[in-house]
Amino acid sequence: MIRVDDTGPIWEIRIDRPEKAGALTEAMLQDLADTLRTAHSARALILTSTGRVFSAGADLDAARAGLATSPLWEEVSGAIAALPGLVIAALNGTVAGGATGMVLACDMRIAVPQARFFYPVMKLGYLPQPSDPVRMSALIGPARTRMILLGGHKVDAETALAWGLVDEIVADGSVVDRARELCADTVAAPLEIAHGIKAMCPVT
């Protein structure tokens, strides 16, 4: 299930399926895409999840039925990258597979110390979505991107921070609370200035 709090200037979109490690179904991806299309009025947006895992990627049954290669993944990540407001991924845990794409499309990524990052598409027999290797390479370089996508390398939070895959590790307190702190200056600034600065620092 996708839960949305759009009651203030900072929207929160939450993947709420902890019993399945945040695995995404086609309906959940469609909900994300639909919500993101309406989020252009948000001054800032926080993408997070419930439980100890951000998302395991595609639900396995749905992946076998075709979701693994669905254009919805690219639609969601593209919609995130196109938002004019600040977008922060507040990673409450591990990010795997196709969920990596939406995280890469955010402006910032903060994570708990227990978070891990891996993208086993090759092992599963799929190509990554087209924009994912491009965005990953822009953050961590092509060699490290190949380590993850071709070498099956699993990255822990400290390594992700050192590489630039995440921007901060939140060791104490709520990762969502920290994301809200990071949104505060953007929300307080004149709209045209906040949007103008983001436009000068585009996601690849």
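Buried residues account for 48% of the 204 residues in the protein. The model is a predicted one. Its accessible surface amounts to about 9,400 Å². Carbon and sulfur atoms hold 58% of that surface.

The fold contains 10 helices and 10 strands. Its radius of gyration is 16 Å, close to the 17 Å given by the globule rule for 204 residues, so the protein is as compact as a globular protein of that length. The C-alpha trace spans about 45 × 35 × 30 Å along its principal axes. Contacts between residues at least 6 apart in sequence were also examined, and 70% of them join residues at least 24 apart. Charged side chains comprise 18 positive and 23 negative groups. The centres of these two sets lie 6 Å apart.

Nonpolar side chains tend to be buried together in soluble globular proteins. In this model, the largest nonpolar core has 63 residues. Seven of its members touch the most other members: Leu24, Leu29, Leu45, Ile80, Leu91, Met102 and Phe117. Strand E5, residues 86-91, gives the most to this core, with six residues. Leu29 reaches several partners beyond four places in sequence. These are Leu24, Leu67, Leu72, Trp73, Val76 and Met102. Two of these partners, Leu24 and Met102, are themselves listed with Leu29 among the core members that touch the most others.

Gly57 occupies the loop between strand E4 (53-55) and helix H2 (60-64). Gly57 has a relative accessible area of 0% and is therefore buried, the cut-off being under 20%. With neighbours within four places in sequence left aside, Gly57 is in contact with Gly22, Ala23, Leu24, Trp73, Ala96, Gly98 and Ala99. The C-alpha atoms of Gly57 and Phe118 are separated by 10 Å. Along the chain, these two residues are 61 apart.

Ala21 lies in another loop, between strand E2 (10-15) and helix H1 (26-37). Its phi is near 55 degrees, a positive value in a residue other than glycine. The relative accessibility of Ala21 is 25%, so this residue counts as partly exposed.

Val155 belongs to strand E9, residues 155-156. Val155 is buried, and its relative accessible area is 0%. Beyond four places in sequence, Val155 touches Ala115, Arg116, Phe117, Ile148, Ala160 and Trp163. Of these, Phe117 is listed among the core members that touch the most others. Val155 and Ala171 are 16 residues apart in sequence. Their C-alpha atoms are 17 Å apart in space.

Ala162 sits in helix H8, residues 157-163. Its relative accessibility is 64%, so Ala162 counts as exposed. From Ala162 to Ile140 the C-alpha distance is 9.3 Å. In sequence, Ala162 and Ile140 are 22 residues apart.

Val176 is part of helix H9, residues 175-188. Val176 counts as buried because its relative accessibility of 10% falls under the 20% cut-off. Its contacts exclude residues up to four places away in sequence. They comprise Glu12, Arg14, Ile46, Thr48 and Ala90. Val176 and Ser49 are 127 residues apart along the chain. Their C-alpha atoms are separated by 9.6 Å.

Methods
Residues numbered from 1 in each chain as written. Predicted model: local features only at pLDDT ≥ 70, side-chain atom pairs only at ≥ 80, totals over all residues. Heavy atoms only, no water. Helix = DSSP H or I, 4+ residues; strand = E, 2+ residues; numbered from the N terminus. Buried < 20%, exposed > 50% of the residue type's maximum accessible area, 1.4 Å probe, protein only. Contact = heavy atoms within 4.5 Å. Core = buried A, V, L, I, M, F, W, Y, C linked by side-chain atoms within 4.5 Å. Rg over C-alpha atoms; globule rule 2.2 N^0.38 Å. Areas by Shrake-Rupley, 256 points an atom, 1.4 Å probe, with all protein chains shown as cover. Lys, Arg positive; Asp, Glu negative; His and termini not counted. Charge placed at Lys NZ, Arg CZ, Asp CG, Glu CD.
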